[in-house]
Amino acid sequence: MLFRSPTAEHYLDLCWRYEQNWRYKDSLAACENALKLRADYAAAYDQMAVGQQDLAQWEQAAAAARRALALNAALPRASAILERASREMAAAQALKASGK
């Protein structure tokens, strides 16, 4: 899907479409393009957190979810992703500390 004058909303739609087709890296790139056009776009950070969660990039997912929530505290998906990412990072840290 190409646009003559792409908007942040167009890129967010593209981001969502890529994610629905398991093209997570393309989805993240589309989110980044949306954020280049609109740096305060909470929905793009929210969608970015989804893609990073799908790739098990927990630190990045948590950072994107935190940014989304800082811009719009009423994003339940970002809250859920932040919670899960925090659990995953804590579990990884515990595993590392145990030497396994």
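The model is predicted: local features need pLDDT of at least 70, side-chain atom pairs count only at pLDDT 80 or more, and totals for chains, interfaces and linings use all residues. Residues are numbered from 1 along each chain as its sequence is written, and side-chain values use heavy atoms, with hydrogens and water left out. Helices α1 and α3 are roughly parallel to each other. The structure holds 7 salt bridges. R38 belongs to a salt-bridge network with E9 and D40. Q52, in contrast, counts as buried.

**Helix pair α1 and α3**

- Helix α1 spans residues 8-20 and helix α3 spans residues 42-54. Helices are DSSP runs (H or I, at least four residues), numbered from the N terminus.
- The two axes come within 10 Å and cross at roughly 20 degrees. Axes are lines fitted to C-alpha atoms, for helices over the stretch in contact, and angles run from 0 to 180 degrees between N-to-C directions.
- α1 and α3 are therefore roughly parallel. Angles under 35 degrees count as roughly parallel, over 145 as roughly antiparallel, 65 to 115 as roughly perpendicular and the rest as oblique.
- The crossing of α1 and α3 is left-handed. That means the near helix is turned anticlockwise from the far one by less than a right angle; clockwise would be right-handed.
- From α1, the residues L12, C15, W16 and E19 meet A43, A44, Q47, V50 and D54 of α3. The residues of this contact divide into 6 nonpolar, 1 polar and 2 charged.
- Contact means heavy atoms within 4.5 Å. Ala, Val, Leu, Ile, Met, Phe, Trp, Tyr, Cys and Pro count as nonpolar, Asp, Glu, Lys and Arg as charged, and the others, Gly among them, as polar.

**Salt bridges**

- A salt bridge is a side-chain nitrogen of Lys or Arg within 4 Å of a carboxyl oxygen of Asp or Glu.
- R23 pairs with D26 at 2.8 Å, N to O. R23 is partly exposed at 40% relative accessibility, and D26 is partly exposed at 32%. Partly exposed lies between buried (under 20% relative accessible area) and exposed (over 50%), with a 1.4 Å probe and protein chains only.
- R84 and E88 form a salt bridge, with the closest N and O atoms 3.5 Å apart. These residues are 4 apart in helix α5 (residues 76-98), so about one helical turn separates E88 and R84.
- E88 counts as partly exposed at 29% relative accessibility. R84 counts as partly exposed at 33%.
- In the bridge between D40 and R38, the closest N and O atoms are 3.8 Å apart. D40 is partly exposed, at 49% relative accessibility.

**R38, a loop residue**

- R38 is found in the loop between α2 (24-37) and α3. Its relative accessibility is 32%, so R38 counts as partly exposed.
- Salt bridges link R38, E9 and D40 in a network.
- Leaving aside neighbours within four places in sequence, R38 is in contact with A8 and E9.
- R38 and A8 are 30 residues apart in sequence, yet 6.2 Å apart in space, C-alpha to C-alpha.

**Q52, a helix residue**

- Q52 lies in helix α3. Its relative accessibility is 9%, so Q52 counts as buried.
- Leaving aside neighbours within four places in sequence, Q52 is in contact with L28, Q57, Q60, A61 and A64.

Notes:
Helix = DSSP H or I, 4+ residues; strand = E, 2+ residues; numbered from the N terminus.
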